[in-house]
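Take a look at the sequence and the structure below. The report that follows goes through them topic by topic.

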Amino acid sequence: MSDVTFQPGLWYDVTARDDNPECVNFGKEFEVNPCYSNGGIVVIECGLCKQTMTILKAILLDPQPEVS
Ligand SMILES: [Zn+2]
């Protein structure tokens, strides 16, 4: 679980960490930018182990990116 809260429908710069000790990405931090908050719940999966990463921080993008 994470303390980070998202407002729905906005774009963020998100930093997430893989906390799966069996994964080679264990302990590594990944930036996802832009990351869409959907309905206010953001799930970032590790591309290798498919486990949900721990979201460390999320910065609301200002300005929000143009989406066509
Ligand atoms: Zn992983």
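## Cis peptide bonds

Pro 63 lies in the segment after β3 (54-60). Strands here are DSSP runs of E with at least two residues, and helices are runs of H or I with at least four; both are numbered from the N terminus. A cis peptide bond joins Asp 62 to Pro 63, with omega at about 5 degrees. Another cis peptide bond joins Asn 33 and Pro 34, and there omega is about 5 degrees. Pro 34 belongs to strand β2.

This is a predicted model: local features need pLDDT of at least 70, side-chain atom pairs count only at pLDDT 80 or more, and totals for chains, interfaces and linings use all residues. Residues are numbered from 1 along each chain as its sequence is written, and side-chain values use heavy atoms, with hydrogens and water left out.

## Positive phi

Most residues other than glycine have a negative phi, and most peptide bonds are trans. Asn 38 is not a glycine, yet its phi is positive, at about 50 degrees. Asn 38 sits in the loop between β2 and β3. Its relative accessible area is 47%, so Asn 38 is partly exposed. On this scale, buried means under 20% relative accessible area, exposed means over 50%, and partly exposed is in between (1.4 Å probe, protein chains only).

Lys 50 is not a glycine either, and has a positive phi of about 70 degrees. Its place is in the loop between β2 and β3. Is Lys 50 buried or exposed? Lys 50 counts as exposed, because its relative accessibility is 53%.

## The zinc site

Which residues hold the protein donors of the zinc ion? They are Asp 18 (OD), Cys 23 (SG), Cys 46 (SG) and Cys 49 (SG), and they lie 1.9 to 2.3 Å from the ion. Donors are N, O and S atoms within 2.8 Å of the metal (3.2 Å for Na, K and Ca); water is not among the atoms, so sites may look incomplete. In sequence, the donor residues follow the spacing D-x4-C-x22-C-x2-C.

The four donor atoms subtend angles of 93 to 120 degrees around the zinc ion, so the arrangement is tetrahedral. Asp 18 counts as buried, at 1% relative accessibility. Cys 46 is buried at 1%, and Cys 23 is buried at 9%. Cys 49 is partly exposed, at 22%. A disulfide is a pair of cysteine sulfur atoms within 2.5 Å. By this rule the structure has zero disulfides.

## Aromatic pairs

A pair of aromatic rings is described by the distance of the centres and the angle of the planes. Rings of Phe, Tyr and Trp (its six-membered ring) pair if their centres lie within 6.5 Å; planes under 30 degrees apart count as stacked, over 60 as edge-to-face and the rest as tilted. The structure holds two aromatic pairs. In one of them, the ring centres of Phe 6 and Tyr 12 are 4.9 Å apart and the planes stand at 85 degrees, so the pair is edge-to-face. Phe 6 and Tyr 12 are both buried.

Trp 11 and Tyr 36 form a tilted pair, with 4.8 Å centre to centre and 50 degrees between the planes. This pair links distant parts of the chain: Trp 11 is in strand β1 (residues 11-17) and Tyr 36 is in strand β2 (residues 29-36), 25 residues apart. Tyr 36 is partly exposed, with a relative accessible area of 34%.

## Strand contacts

Thr 15 is placed in strand β1. It counts as buried, because its relative accessibility is 12%. Contact means heavy atoms within 4.5 Å. Not counting residues up to four places away in sequence, Thr 15 touches Glu 29, Phe 30, Glu 31, Thr 54, Ile 55, Leu 56 and Lys 57.

Ala 58 lies in strand β3. It is partly exposed, at 24% relative accessible area. Leaving aside neighbours within four places in sequence, Ala 58 is in contact with Val 4, Phe 6, Tyr 12, Asp 13 and Val 14. The C-alpha atoms of Ala 58 and Ser 37 are separated by 10.0 Å, and these residues are 21 apart along the chain.

## The salt bridge

Side chains of opposite charge can pair when their charged atoms come close. A salt bridge is a side-chain nitrogen of Lys or Arg within 4 Å of a carboxyl oxygen of Asp or Glu. By this rule there is one salt bridge. It joins the side chains of Asp 19 and Arg 17, at 2.7 Å from N to O. Asp 19 is partly exposed at 34% relative accessibility, and Arg 17 is partly exposed at 26%.

Terms used: Tetrahedral: all angles 85-135°; square planar, octahedral: opposite > 155°, others 65-115°.
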